[in-house]
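Colleague: I am new to this structure and would like a close look at a single part of it. Please take the aromatic residues in the core and what surrounds them.

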Amino acid sequence: VISVAGCFRGTPELGTVTGTITLDGKPLAGAEVIFQPTGGSPSVATTDGAGHYELEYARDKPGAIVGSHTVRISTQTTTTDESGNEIQVPQRVPQKYNFRSALRREVKPGGNQFDFKLESEPETEEPPDAEPEGEQSDKPETKTDETADEPSEAEKPDGDEPEAKQP
């Protein structure tokens, strides 16, 4: 079955797509935004200083193909300085929004606005043994774990054992 709805001489049906992207609550300037449909060519935009973008399907054709898209947002690129030297711009956006993106959006005919509020991943995580040490350092060194099954001084009938110090 072939569907011809919305075809305009080889150009698929497009919906305009605009929005704003923030990273940790701040506008994300200079980010490349790619909407990749399940079938067809992607639409691309670059965010401005306020984090705003407007997708282009092709030169002078704003929008994106109507349908489901995987969205990728990236700041990693190569640019050229005034002297003609290539400069690598580092990635500031976590992989879950670009290389391994789980972002999905459904583009409808007409106008679409998709804002993305991205969050950085924690820079470092504490090693697995850091928490138990922190818990142990809050308590004085005692043998409570080894003597937990022994009766307390009050429970002992003759009190032969020395009294435990109370914290």
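Modeller: What follows starts with the whole protein and then turns to the aromatic part. This is a predicted model, in which local features need pLDDT of at least 70 and side-chain atom pairs count only at pLDDT 80 or more, while totals for chains, interfaces and linings use all residues. Residues are numbered from 1 along each chain as its sequence is written, and side-chain values use heavy atoms, with hydrogens and water left out.

Of its 167 residues, 25% are buried (buried means under 20% relative accessible area, exposed over 50%, partly exposed in between, with a 1.4 Å probe and protein chains only). Among contacts with a separation of 6 or more, 58% are between residues 24 or more positions apart (a contact means heavy atoms within 4.5 Å).

The largest nonpolar core contains 20 residues, and Phe35, Tyr53, Ile73, Phe116 and Leu118 have the most contacts inside it. Such a core is a set of buried Ala, Val, Leu, Ile, Met, Phe, Trp, Tyr and Cys residues joined through side-chain atoms within 4.5 Å. At least two core residues come from each of β1 (14–23), β3 (32–37), β9 and β14 (116–118). The most, three residues, come from β1.

Three aromatic pairs are found in the whole structure (rings of Phe, Tyr and Trp, the last by its six-membered ring, pair if their centres lie within 6.5 Å; planes under 30 degrees apart count as stacked, over 60 as edge-to-face and the rest as tilted). One of the pairs joins Phe35 and Phe116 edge-to-face, at 6.4 Å centre to centre with 70 degrees between the planes. Phe35 lies in strand β3 and Phe116 in strand β14, 81 residues apart, and the pair thus links distant parts of the chain. Phe35 counts as buried because its relative accessible area is 0%; Phe116 does so because its value is 2%.

Thr70 is counted as buried because its relative accessibility is 16%.

Terms used:
Helix = DSSP H or I, 4+ residues; strand = E, 2+ residues; numbered from the N terminus.
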